[in-house]
Amino acid sequence: MNKSELQQDSAYREDDDSDFSTLIESGLSRRRFMQGGAAAMGLFLAANPLAQAIAAVSSPTSKLLGFTALPTSTSDDFIVPQGYIAQPLISWGDPILKNAPAFDESGTQTSAAQAGQFGDNTDGMRFFPLSENRALLAVNNEYTNYLLLFAHQGKQLTADDVKKAQAAHGVSIFEVERKNDGHWHYLKESSYNRRITANTEMELTGAAAGHPLLKTNADPSGKKVLGTFNNCSNGETPWGTYLTCEENFNGYFAAPGAEMDQHQKRYGLKADKNKYQWHTFDSRFDMSQEPNEPHRHGWVVEIDPMDPTSTPKKRTALGRFKHENAALTLADNGHLVVYLGDDERGEHLYKFVSKNRYNPDNKAANRDLLEDGTLFAARFNADEGELKGAGEWLELTHGKNGLTAENGFADQASVLIYAREAATVVGATTMDRPEWVAVHPDNKTVFCTLTNNKNRGIQDNQPVTGPNPRAENKYGQIVRWEPDSADHTSRAFTWDLFLVAGNPSVHKDFYAGSANITDENMFNSPDGLGFDKAGRLWILTDGKYSNEGDFAGMGNNQMLCADPVSGEVRRFATGPIACEITGLTFSPDQRSMFVGVQHPGEKNAPSHFPAGGNSKPRSTIMVIQREDGGIIGA
Ligand code: FEO
Ligand code: CA
Ligand code: CA
């Protein structure tokens with residue numbers, strides 16, 4: 001994509017005939033109308049920022065997309081296009097360590113059993129090749145559902161139940177093999193297989209390691225921490241390590257009856273509301289006893305999947321927030337750049353630039369590139385009513401941009417531990433829940449899903465403007481930016497909206513979505529996002545699956561594929577009942593795609609995926625291949 005293409009305007013649908021009344025009724029347009037007046041509104045409506053997407057809609061002939069689009073689904077199946085096959089690879093509870101028992105759906109297995117089995121709620125993952133037909137998969141197990149984990153559904157929690165829940169979290173690493181049948185199978189007995197849980201010992205590294213705010217009774221060094229949990233998505237380094245991202249860590253801590261301070265509030269820590277109840281049997285989750293333990297979570301963790309004895313490292317240089325994924329790229333000048341979303345309504349988008357340069361001749365020399373560097377938060381600028389603009393990366397370094405002791409930041413460790421508050425001080429833009437970030441394989445453009453945000457236009461710090469252009473945003477959008485001079489270390493960028501999700505059969509205003517959203521491909525809440533080698537953009541949804549009201553006609557959560565140049569979007573897969581589709585990785589030949597089906601049947605919804613019959617629903621990784629062995633999506 002060249003700059004002029006990127007900078008072509010994008011737009012909401014033009015076929016509104018009731019623009020003003022509808023727009024003025026919404027918080028979004030009331031504000032824009034009042035402030036910008038009719039001239040700005042006229043500009044907004046007349047400009048047609050997604051011109052290329054409109055062309056795609058009228059002539060859907062993208063050469064990149066070679067499959068037949070699927071309709072929506074409300075069935076309890078995982079459905080792929082004609083000519084494709086999808087098979088389960090592994091489900092929650094399948095044994096991956098020697099001596100681990102087979103899954104037993106009674107909900108009475110012990111913590112020891114779960115600690116040897118695939119964790120629950122499969123999420124981000126990455127394929128690490130060992131040879132042409134063998135590889136390791138490193139997979140996040142984001143959280144667990146007590147309704148399914150325990151026969152008592154969480155109502156009579158014991159100490160071992162807490163350990164079992166902790167063992168259902170974390171990361172699973174296991175070997176997979178493409179056997180003579182052409183399909184991938186996981187190998188239970190592989191010596192590579194490993195479970196990392198909420199109790200695995202890890203090292204804190206970087207500027208915050210050893211800081212008083214990271215010290216606890218159990219760890220006076222402030223450098224050793226147990227476990228990782230709520231691991232959402234992931235990244236992969238050029239030197240072959242796996243990055244797992246700690247997202248909603250706050251939900252595991254409690255301090256019954258206590259008042260939360262400003263830092264605790266900003267990170268969503270709550271004294272009494274806690275569905276996991278770990279603090280009742282494990283004092284490190286009780287903030288009245290261990291006020292610093294939450295500071296030791298909310299980081300990106302680096303794991304060497306090839307060495308099952310290696311100690312995972314929490315990389316504090318990448319900041320502490322609700323990390324979604326970590327999208328790495330190498331800038332032309334050799335610095336490693338990591339784009340990072342913080343998935344919360346009104347939080348920010350970040351970028352890390354390594355201090356040192358990548359050494360392509362000596363992989364081992366790069367092992368600590370994530371140890372030291374500069375963190376930035378994004379500010380998106382836009383003229384009133386514009387859906388594109390310029391932006392800048394604001395440095396989060398102690399002593400700069402107001403990040404001083406007078407403003408509550410004693411040192412760089414405090415800036416990293418309270419990165420959210422630092423981003424506010426420097427003036428970063430509040431976003432509609434930044435989820436996954438993906439860098440185009442041409443290394444020029446970057447995309448980020450902004451999944452939805454019911455608070456947009458409602459809360460004062462979340463104005464309706466720029467890349468967050470709709471009040472009470474139910475559907476989400478994908479923002480795209482291009483660093484100046486295609487240099488990812490540059491502080492300047494230009495941005496536009498690649499798509500704005502919506503429901504054109506229910507709405508005729510902004511909530512219909514951008515012109516590349518149609519009755520045939522509509523969806524809500526884009527979340528997972530990734531490119532294949534050819535530059536197809538894969539979009540995975542974690543949205544409302546009611547198929548009613550604002551979501552009528554959207555069906556179950558799904559995966560779509562987009563052409564980032566033409567803007568065309570086609571539905572590629574649909575998931576079973578009450579699931580989210582998340583986690584995406586490919587074999588290097590691009591002929592096998594691994595996709596996660598998370599939480600089918602959540603909240604007692606009637607799913608029996610994947611085994612059918614009366615079985616318990618289980619989060620499952622699916623492998624998608626073509627019947628003719630061809631490249632996925634082509
Ligand atoms: Fe774990 Fe923001 O999704
Ligand atoms: Ca997600
Ligand atoms: Ca999500």
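Met-593 stands opposite Ile-624 in strand S28. This is a predicted model, in which local features need pLDDT of at least 70, side-chain atom pairs count only at pLDDT 80 or more, and totals for chains, interfaces and linings use all residues. Residues are numbered from 1 along each chain as its sequence is written, chains are lettered from A and ligands numbered from 1 in the order in which they are written, and side-chain values use heavy atoms, with hydrogens and water left out.

S28 covers residues 620-626 and runs antiparallel to S27, joined by six bridges. Helices (H or I, at least four residues) and strands (E, at least two) are DSSP runs, numbered from the N terminus. Two strands pair if DSSP finds at least two bridges between them.

S27 also pairs with strand S26 (residues 580-586), again antiparallel and over six bridges. Here Glu-580 has Gln-598 as its bridge partner. Five residues lie between the strands of this hairpin, where Gln-590 takes a positive phi near 65°.

In a regular strand, side chains alternate between the two faces of the sheet. In S27, Ser-592, Phe-594, Gly-596 and Gln-598 point one way, and Met-593, Val-595 and Val-597 the other. Seven of the seven residues of S27 (592-598) are buried, so the strand is largely enclosed by the rest of the structure. Buried means under 20% relative accessible area, exposed over 50%, partly exposed in between (1.4 Å probe, protein chains only).

Now to helix H7 (residues 159-168). Seven of its ten residues are buried, so H7 too is largely enclosed. Among them are Asp-161, Val-162 and Lys-164. Just after H7, Gly-170 takes a positive phi of about 105°.
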